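Me: I would like to go through this model and ask what stands behind each label. Please set each value against its cut-off.

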Amino acid sequence: MPTLTAETMSAPQFVEVALAEADGTFHYHLPSTWAAAPLTPGTRLLVPFGRGWRLAYYVRRVDRPEVPETKPVLALLDGDVSIPSSLFQLLHWISDYYSAPLGRVIKGAFPQGSQAVVRRRFHLTEAAESAGGEKKTALQERVIAALKEGGGLTEPQLRKRTGGEKLAGSLSTLKKKGWITEAWEVDRPAVRKKFRRLVFLKSDPAEAVSLISSLQKRAPQQASVLQILLTAGGAMPVGAFEAPLRASLKRLLDKGLIDQAEEEAPRTPMRPSGFPLQPSILLNPDQQGAVEQIVSAVEGKTFTPFLLHGVTGSGKTEVYLRVIEKALAQKRGAIVLVPEIALTAQLVARFQSRFGEAVALFHSGLSPGERYDEWRRIREGKAQIAIGVRSAIFAPFESVGVIIVDEEHDSSYKQDDGVRYHARDTALVRGKQSDAVVVLGSATPSFESFYNSETGKYRLLPLPGRIDARPLPAVAVVDLRKKEDWVRPFLTRPLLSAMEKRLENREQTLLFLNRRGFSPSLLCPDCGYLPHCIRCSVSLTFHKKLQKLVCHYCGFQLAPPTACSQCQGIRLVHLGIGTEQVEEEIRQRFPAARVARMDRDTTQKKESHHKILTAMAQREIDILIGTQMITKGHDFPDVTLVGVLCADLSLHFPDFRSSERTFQLLAQVAGRAGRGDRPGEVIIQTFQPNHESIVAATTHDYLGFYAQEIAFRKEMGYPPFCRFTLLLFSHSEEKRVVDRAAALVKEIEKVLPPPKKGEAERGVTLLGPAPAPLMRLRGEYRYQILLKGKDQKKIASVLKEGLNSWKRMERKGVRLEVNVDPQNFV
DNA sequence: AGCACGCCGACT
DNA sequence: GTCGGCGTGCTC
Ligand SMILES: [Zn+2]
Ligand SMILES: [Zn+2]
């Protein structure tokens, strides 16, 4: 490997790069011929690393490397995509704030699969042929056999052919013995531009016409091909010609009468169809006021955060559309973030009917190719609006004018593994970095956001009225403690009679239960035993259709036992209820009704989700039962009754936000009732009819609920009055986890800032270690510690020191994950 | 991620 | 004694 030092050559160029596979950054020198290479941050490079090659991301130039000897960058691996510099700034912030390796953050900002693949290929050596007699393990034998048969193979290819999960060991042994060699290679990305062949006329239309008539007799098919081409405007993709004409096409090409070329054929996500065009509606005064304020901020091109607080049906979307128009007029991009389950065809149709091709779409249903093409449409300036889920915050605009975060309170904006960023908070930072306007919209804003609007950090824009002044639905509470009202499990007299009325009137009912499956556990009443997951500390959910007990955390499945495994009792009973059981009960109760269920189990297939929604819209369903999924994003004008079967479920989460979440959920569900011209009714069943979340939901009183809860948060010193960072330790041996967590706590305690003068509490306090609410997951024990403080900067510095200690400490294989601003404490 | 190195208990 | 698995640190 040619290396050089600062002394051996004149003015070498040094660069800092980040890798997705190794934390930190590394320094290399550029080949001297590249000195003027225009590198932009995020540019992908091939570098030597250890004994192999890696893909690396260019970060910046450095005057002087940190290490005495640097290796040279080998090649530029940039394909058709690059990251705009304004976005790179944001990636830096994410890496820093969420304490995630920069390389991994950068990797996540590129469309998946669009990167060149750097890997090694193994070959058999001569020595291996002559070393037949030496002893080898079975896996090693299989590797050799596979290589003998298949020539050079990559690791995934070998894995497939040998069935070996743990190949690494065998490969390195074989390599050491000199029986196999490896060669590094760079392969083209799996996701690439798609091309199609285009044929076109070489002559102008007049000449073509005379050509056609001259061919008419001798070669009528060729003439008709030319005619088709002429009619199509002179050019057409080969694929658009019917098969019988292809031969004539080829003859024309051979004769040189027409020509062909390759053209990119962009893959576009399915466009929703069948929705009525919504004309630009007249704004009510509140909407008008909101639009004016936001638009003037957009014109000012300064970072301005707004909180648009409007109940469901208050016309937030129309406000968004107007604001986006303004940003586009300024030649700046717009990003619209929407929670996954709210990103419906209905919403997309609305944006596309207004903005057409300018809309690029990002959601989990796209193929990698579609995602890549949509990404490039934005990068190349062909699309100005990115609408999508969490990761759409990385839309590669050079310049963003407005970022909208719809349903900003939704917890799906927080990524819960890997780089644990919060898209709403990231949106605010991107807005600040780009001098853009950020609009957070919600009917039930997160307390953090509403608090920020009270302190003046955000500008509050209330939309108090519903369009057409439709009243909010009447909400009734049914006390589940009154067992005399129970007709069937979780189906009470008041709810059933309200449903009967809807069936008579040919109106629709939504039943909401936040729990899928048939029953959340089986119980042996003789000994109290509940079947648990073998790898997680949760009971197994019974799925009737599947005839399996399923772990909702790790997917473990078990055939349902016929007898108790502890006492052999055979009277196993279902404890609690899930949507599957509700569906069964409802079908029995209302045999004539058309019943459907929408939850993760019934929407596995790609189009099933859409099918249910369409059936619902066309009134082919009388009663729809579902989980969270039914609560967002669709207008069902004929739903006049919403039943919440058990409102308590979300109250039991081990989380200081559980009251807030429950209220938000209930408000959201209630918003599904009465969106047409008929008034809606909501029935909430609960064991805690006096709980503040439920009381507030019955009166649609966000402000009252907020006032009460925020006082409680203040008293307890919970967010928004403090910040949290959660550290999660995990390992299959419980005592190691406990021990290592305690050891780190000891280290962290040394660096906690002292209390301010006159205050009892330190600037950052540490809670734990304590078992995580889900103490075991996939066979690993989990303990956590929580850092708490008013000043995020202080928490961050404690965290940094803590992580430094962790790096130096004995870790005994225990994993540590950092979760800044955790939303999910399980 | 992949590799080398050092440590420690097991075993020819 | 030395083999092998585990844990740790390093890769520019
Ligand atoms: Zn039993
Ligand atoms: Zn499990």
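Me: Which residues does glutamate 507 touch, not counting residues up to four places away in sequence?
Reply: Glutamate 507 touches Arg502, Arg619, Asp622, Asp638, Thr640 and Arg678, with residues up to four places away in sequence left out. Contact here means heavy atoms within 4.5 Å. This is a predicted model, in which local features need pLDDT of at least 70 and side-chain atom pairs count only at pLDDT 80 or more, while totals for chains, interfaces and linings use all residues. Residues are numbered from 1 along each chain as its sequence is written, chains are lettered from A and ligands numbered from 1 in the order in which they are written, and side-chain values use heavy atoms, with hydrogens and water left out.

Me: Why does glutamate 507 count as buried?
Reply: Its relative accessibility is 11%. Buried means under 20% relative accessible area, exposed means over 50%, and partly exposed lies in between (1.4 Å probe, protein chains only). Glutamate 507 therefore counts as buried. The residue lies in the loop between α16 (493–504) and β23 (508–512); helices (H or I, at least four residues) and strands (E, at least two) are DSSP runs, numbered from the N terminus.

Me: What makes the pair of glutamate 507 and threonine 640 a polar contact?
Reply: The two side chains come to 2.6 Å. A polar contact is a pair of N or O atoms within 3.5 Å; within protein, one must be able to donate a hydrogen and the other to accept it, and residues adjacent in sequence count only if both atoms are side-chain atoms. The pair of glutamate 507 and threonine 640 is accordingly listed as a polar contact.

Me: Why are cysteine 533 and cysteine 554 called buried?
Reply: Cysteine 533 has a relative accessible area of 5% and is therefore buried. Cysteine 554, at 15% relative accessibility, also counts as buried. Cysteine 533 is in the loop between β24 (521–523) and β25 (541–543), and cysteine 554 in the loop between β26 (548–550) and β27 (557–558). Beyond four places in sequence, the contacts of cysteine 533 include Cys551 and Cys554, and those of cysteine 554 include Cys536 and Arg778.

Me: How do you know which residues surround DNA strand B?
Reply: A residue is near a molecule or strand if one of its heavy atoms lies within 4 Å of it. Glu21, Arg51, Arg54, Arg120, Glu155, Lys175 and Glu182 surround DNA strand B. This surface has no nonpolar, no polar and 7 charged residues. Polar side-chain atoms of arginine 120 and lysine 175 lie 2.6 Å and 2.9 Å, respectively, from a phosphate oxygen of DNA strand B. A backbone N or O atom of glutamate 21 is 3.4 Å from a base nitrogen of DNA strand B.

Me: What classes of residue make up the surface near DNA strand C?
Reply: There are 5 nonpolar, 4 polar and 8 charged residues. Ala, Val, Leu, Ile, Met, Phe, Trp, Tyr, Cys and Pro count as nonpolar, Asp, Glu, Lys and Arg as charged, and the others, Gly among them, as polar. Of the 17 residues around DNA strand C, Phe26, His27, Lys71, Arg736 and Arg811 come nearest. Sugar and phosphate make up 67% of the DNA strand C atoms that come within 4 Å of the protein. An N or O atom in the side chain of lysine 71 is 2.5 Å from a phosphate oxygen of DNA strand C, and for a backbone N or O atom of glycine 50 the value is 3.2 Å.

Me: Why do β5 and β6 stand at the edges of their sheet?
Reply: The open sheet has 6 strands in the order β5-β2-β1-β4-β3-β6, with mixed pairing. β5 (71–72) and β6 (75–76) each have a single partner strand, so one side of each is left without a neighbour in the sheet. Two strands pair if DSSP finds at least two bridges between them.

Me: What joins β3 to β4?
Reply: 6 bridges join β3 (residues 44–49) to β4 (residues 52–62), and the strands run antiparallel. Proline 48 stands opposite tryptophan 53 in β4, and leucine 45 has alanine 56 as its bridge partner there. The two strands form a hairpin with 2 residues between them, and glycine 50 in the turn has a positive phi of about 60°.
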